[in-house]
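Trainee: I'd like to learn how to read a model like this one step by step. Can we walk through it together?

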Amino acid sequence: MKVLVVISSSPFKGDKAKESVDLSLSLAAFDHEVSLLFKGEGLLCLLEDHQPKSSGLKDYFRILKALDLYEIESVYAFECQQYPINQLKLSQRISPLWCTADKLQELLASHEMVFHL
Amino acid sequence: MLSFSVLISGSPFQSSAHHSALRFIEAVYKQGHTVNCAFFYSEAVQVANDLICPANDEINYHQAWKKLSLQHNFPLYACVSVANKQGVIGKEESMLYELSYTNAKAPFEIVGLGAWAKSINDSDKVIQFQ
């Protein structure tokens, strides 16, 4: 199945971003074709220079480096003015395809399933 | 006749996910379709806790799920990693962590995410309640 997992939660606010990544990896391990879409506060997952350990948090986003091992190749980021994150330095771990509002519908329609925690 | 996989991710206390999902599943059976599983993930796993005790005149979603699942014979799965983190413990993990109690019992089952990945393969339709 072609599945899109939408991540819109900050990696520093609760567990939803982590749970979304876990869900994606698990679906991919069971041979689903998984794409990720980061939007809103979820875009923070893509920033470079996270130092979660400096405040005692687990650096679970190291796992994002392993996306290609799970054959998750399509990673999208939704551009919006509220989070002008494309002007900031992004992690070398992933290079997302930037998606604008007019392309969003097309992106959603190209997947058989969409999950959003 | 169609089969459904139902993902519930919203909290039983802070969202309408459980209320909507229960009503949806009732309608599914009323129309002659079936449910392969209800899978609780994220904050929704809290509903597997059998110590939930709301006031008498409020809906007890733990009991509501139990009743519907036994009535129609579909499984209730809660994701093990999220459930354990939130203090929802089945028999196996109780032994693993050497705890003296469990609070997640049949018909709720504490399972891995793989159960969900498999279930969506075997279903005609997939729906999420957030």
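This is a predicted model: local features need pLDDT of at least 70, side-chain atom pairs count only at pLDDT 80 or more; totals for chains, interfaces and linings use all residues.

Trainee: What is the order of elements in chain A from the N terminus on?

Mentor: They run β-α-β-β-β-α-β, which comes from two helices and five strands. The radius of gyration of chain A is 14 Å, close to the 13 Å that the globule rule gives for 117 residues, so chain A is as compact as a globular protein of that length. Along the principal axes, its C-alpha atoms fill a box of roughly 40 × 35 × 25 Å.

Trainee: What share of the contacts in chain A with a separation of 6 or more joins residues 24 or more positions apart?

Mentor: That share is 72%.

Trainee: Now chain B. How do I read its sheet?

Mentor: Here's the general idea: strands of a sheet pair through backbone hydrogen bonds, either parallel or antiparallel. In chain B you have an open sheet of five strands, ordered 4-3-2-1-5, with parallel pairing. Strand 4 (108–111) and strand 5 of chain B sit at the edges with a single partner strand each, so one side of each has no neighbour in the sheet. From one strand to the next, the twist averages 25°.

Trainee: Which residue is the bridge partner of B:Phe40 in strand 3 of chain B?

Mentor: B:Ala78 is. Strand 2 (residues 34–40) and strand 3 (residues 76–79) of chain B pair in the parallel sense over three bridges. Both residues show up again in the largest nonpolar core, among those with the most contacts inside it, along with B:Ala38, B:Val45 and B:Ala83. That core has 68 residues. Leaving aside neighbours within four places in sequence, B:Ala78 is in contact with residues including B:Phe40, B:Val45, B:Ala104 and B:Ile110.

Trainee: Which strands of chain B does helix 5 lie across?

Mentor: Helix 5 of chain B lies across strands 1, 2, 3, 4 and 5 of that chain, running at about 155° to strand 2. Helix 1 (residues 17–30) of chain B lies across strand 1 (3–8), strand 2 and strand 5, at about 170° to strand 1.

Trainee: And how many residues does each chain bring to the contact between A and B?

Mentor: Chain B gives 13 residues and chain A gives 13 residues. On the chain B side, helix 5 (114–121) and strand 5 (125–129) are the elements that give two or more residues.

Note on methods
Residues are numbered from 1 along each chain as its sequence is written. Chains are lettered from A and ligands numbered from 1 in the order in which they are written. A nonpolar core is a set of buried Ala, Val, Leu, Ile, Met, Phe, Trp, Tyr and Cys residues joined through C-beta atoms within 7 Å. A residue is buried if 20 or more other C-beta atoms lie within 10 Å of its own, exposed if 12 or fewer, and partly exposed in between; C-beta atoms are placed from the backbone. Two residues are in contact if their C-beta atoms, placed from the backbone, lie within 7 Å. Helices (H or I, at least four residues) and strands (E, at least two) are DSSP runs, numbered from the N terminus. Two strands pair if DSSP finds at least two bridges between them. Axes are lines fitted to C-alpha atoms, for helices over the stretch in contact, and angles run from 0 to 180 degrees between N-to-C directions. The radius of gyration is taken over C-alpha atoms; the globule rule is 2.2 Å times the number of residues to the power 0.38.
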